[in-house]
There are 2 protein chains.
Amino acid sequence: MRLSKTFVKTLREAPKDETARNGQLLVRAGFINKEMAGVYDYLPLGLRVIENIKNIVREEMNNIGCEELLLTALQNPEPWEKTGRFSDKEVDVWFKTELASGGMLGLAPTHEEPITTLMKTYISSYKDLPVYVYQFQTKFRNELRAKSGILRGREFLMKDLYSFHTTEKDLDDFYKKVERAYMNVFERLGLGEDTIETFASGGMFSKYSHEFQTLLPVGEDTVYYNADKTIAVNKEVMNDETLKDLNLKREELTEGPAAEVGNIFKLKLKYSEPLGLKYIDKNNEQKTVCMGCYGIGISRLMGVVAEKFADDKGLVWPESIAPFKYYLVGIGEKGMEQAEEYYKAHQDEVLFDDRDIRPGEKFADAELMGIPYRVVISDKTLATGSAEITNRQTGETKLIKVLD
Amino acid sequence: MRLSKTFVKTLREAPKDETARNGQLLVRAGFINKEMAGVYDYLPLGLRVIENIKNIVREEMNNIGCEELLLTALQNPEPWEKTGRFSDKEVDVWFKTELASGGMLGLAPTHEEPITTLMKTYISSYKDLPVYVYQFQTKFRNELRAKSGILRGREFLMKDLYSFHTTEKDLDDFYKKVERAYMNVFERLGLGEDTIETFASGGMFSKYSHEFQTLLPVGEDTVYYNADKTIAVNKEVMNDETLKDLNLKREELTEGPAAEVGNIFKLKLKYSEPLGLKYIDKNNEQKTVCMGCYGIGISRLMGVVAEKFADDKGLVWPESIAPFKYYLVGIGEKGMEQAEEYYKAHQDEVLFDDRDIRPGEKFADAELMGIPYRVVISDKTLATGSAEITNRQTGETKLIKVLD
């Protein structure tokens, strides 16, 4: 991409009401635009990051045999009434609206009810099971407050996976596969070291659910984690019983703020029972399908990565999800010419700053945007047939050959 | 994809309230699921078609220098009030909802207001122009009736492009590029021959806008088109003045039903003026930005293609957007073995019917799903080292070598 050809530019200031660091930096770097609290547009560079995160998650989901589909935002109340969740008392983040032809609708804050209902068409026998389906869908949640940039959205992108099984044993086995796939995702995003599988409230049907919590100063949750960060407990279930269940000692755990980047949940019969999702087993008996659900916050992950790695100069993207790998600057006549050549040969990976502005401004933008490697080709570097390449994260600089 | 591993199967019946042929076929073939009138889920095969259409449109948009971004569904009323379009009298398809923290919101039926507002941050000088930005976004329209399957959705996918210019001349030039890009899209989808650029009402600021209308028996519009299908007039502006303007004679035009698959519009100052999108020109004078907007109905196109090419056996996808190119069936022990080999070598292109059902059922599903080529490997075809390949559209069959 040529910066001379995009409308995006870095901004001196973020909106005054944007208090979160991820929001401020992402707006200033031209990755997102704030429509209102918790509601953000994704500009070309930001959309590339989102797509890169989606592709990593998609690969990991497909690797464990999941199928991608796409459900709707508009929700018929009927199945939600059967589970009691259309009530604003039960789910307090509904956006509701009305059909012109009559009747209430909701905007899906999550999708258990429609996916369970959908599966009634496709699952009738044990031979139809298991089923693993996921989507990348915009979720709508009418949060009273949304002050954390893209860490907490009223309209945000989520990957949600639902699994359907004959038995709890089968659910347990798949659940373990998802745990590993999720850790793969976080590792590929550079968050592996500080993302801890965390015991959290399991609701009515399981004692615990598992969250994936990334340690982060601005995280909205509080977790207690062990020394090698292999296990954590969410504050909401931090008590003697949990410690005993998990064979942990309070004094060995460290308290810290964290952001929930994933959540996995053994639903068992919670939704399949009230919605009547049944199958006929090998003995010709009717049984209720056993379910699991598994979420990853895609746009939140972008915010977490932004918060986690940013420094005083701006964003720092890991290569795996950076919008471009290289930020290219040519200096001097020959430097510019050679930069053109380099750009033409590596277009997909290069953000080419071909604007008619001072190199210093370009360097500042390269840093604010957080592109992993800055490549400078100047008359000086060309004297040795080289370009200067600078690592955004470490600041390390070296010369690489660009001419034979 | 292995059919033994997907939850999707063909259905004997579509929902009783599904009266549109595209809806019936797409539901029966397992491509979509009906949530309610005008609101459909995309199942794995359907989502692949949608993504294929998006990729064709994306390529054509990028080819003319457009940049992709993603705006939000939730809409702050403020800019819409400035243009008068938050009123239900002015725009009669709003879904509206309320923020928990107070205040009305709308669900975007289109995006002129937010994109114009966004550009106020990025456009201030003639040097910042032109700008061409597009998105693939879910639109919400509270239609009183929605009985045309995915041809008319209450929640549907659209590609919308907006262009920003210094002058009308510049808008006109870009508009021509979009006209060509749109025809490229329709040609690549196999709709080129029957898709006609059509003069339609231009609203307040232009005499005409252009629609792209695909001749289709179930189309909701009526157009009058010339013998070589190079020009058409929408019934809404079919009068003596239009005929005179376009130098057409009524008796040379054929009346026919059509579906609108695209619409391009010279907005000029319609939104930039009330929203205050200005720039400073070369003479340091403040001017108002000149705009165009250009839409393609992505999910509607899927419905149009389904309607257009389906026959009495089911769907018929053009190769360019088919979910898979080949539908693979192995018959007999050696046939199955060889089919496995073939599948492993061509996974991305092959829908492998490895289910334990009769070949006749597989052939019927292959036809209903509309996969372009059915490949049968049997002990009989293997006797000559071949597979039998059948063209879904023409029914032509030939043998191709699969073994050396």
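Two strands pair if DSSP finds at least two bridges between them. Helices (H or I, at least four residues) and strands (E, at least two) are DSSP runs, numbered from the N terminus. In this predicted model, local features need pLDDT of at least 70 and side-chain atom pairs count only at pLDDT 80 or more, while totals for chains, interfaces and linings use all residues. Residues are numbered from 1 along each chain as its sequence is written, and chains are lettered from A and ligands numbered from 1 in the order in which they are written.

**Chain A overall**
- Chain A contains 11 helices and 21 strands, and its C-alpha trace spans about 80 × 60 × 45 Å along the principal axes.
- Of its 404 residues, 50% count as buried (20 or more other C-beta atoms within 10 Å of the residue's own, with C-beta atoms placed from the backbone).
- Two residues are in contact if their C-beta atoms, placed from the backbone, lie within 7 Å. Among contacts in chain A between residues at least 6 apart in sequence, 68% join residues at least 24 apart.

- The contact involves 43 residues of chain A and 42 residues of chain B. Elements of chain A that each supply at least two residues to its side include helix 2 (44–63), helix 4 (112–122) and strand 7 (131–140).
- By class, that side of chain A has 23 nonpolar, 10 polar and 10 charged residues. Here Ala, Val, Leu, Ile, Met, Phe, Trp, Tyr, Cys and Pro count as nonpolar, Asp, Glu, Lys and Arg as charged, and the others, Gly among them, as polar.
- The copies meet through the same surface, because 98% of the interface residues of chain A are also interface residues in chain B.

**Five-stranded sheet of chain A**
- An open sheet of five strands in chain A has the order 18-17-19-20-21 and mixed pairing. Strand 18 (350–352) and strand 21 (397–401) are the edge strands, each pairing on one side only.
- Strand 17 (326–331) pairs with strand 18 in the parallel sense over three bridges, and Leu328(A) stands opposite Phe352(A) in strand 18.
- Helix 9 (332–345) packs on the sheet against strand 17, strand 18 and strand 19 (373–378), its direction making about 150° with that of strand 17 (axes are lines fitted to C-alpha atoms, for helices over the stretch in contact, with angles from 0 to 180 degrees between N-to-C directions).
- Helix 10 (359–369) also packs on the sheet, touching strand 17 and strand 19, at about 175° to strand 17.

**Nonpolar core**
- The largest nonpolar core has 236 residues; Leu328(A) and Ile371(A) are among those with the most contacts inside it. Such a core is a set of buried Ala, Val, Leu, Ile, Met, Phe, Trp, Tyr and Cys residues joined through C-beta atoms within 7 Å.
- Beyond four places in sequence, the residues touched by Ile371(A) include Trp317(A), Phe324(A), Leu351(A) and Arg392(A).

**Hairpin in chain B**
- Strand 11 (221–225) and strand 12 (232–234) of chain B run antiparallel, joined by three bridges, with Tyr224(B) opposite Val233(B).
- These two strands form a hairpin with six residues between them, and Lys229(B) in the turn has a positive phi of about 55°.

How values were computed:
Buried ≥ 20, exposed ≤ 12 C-beta atoms within 10 Å, placed from the backbone.
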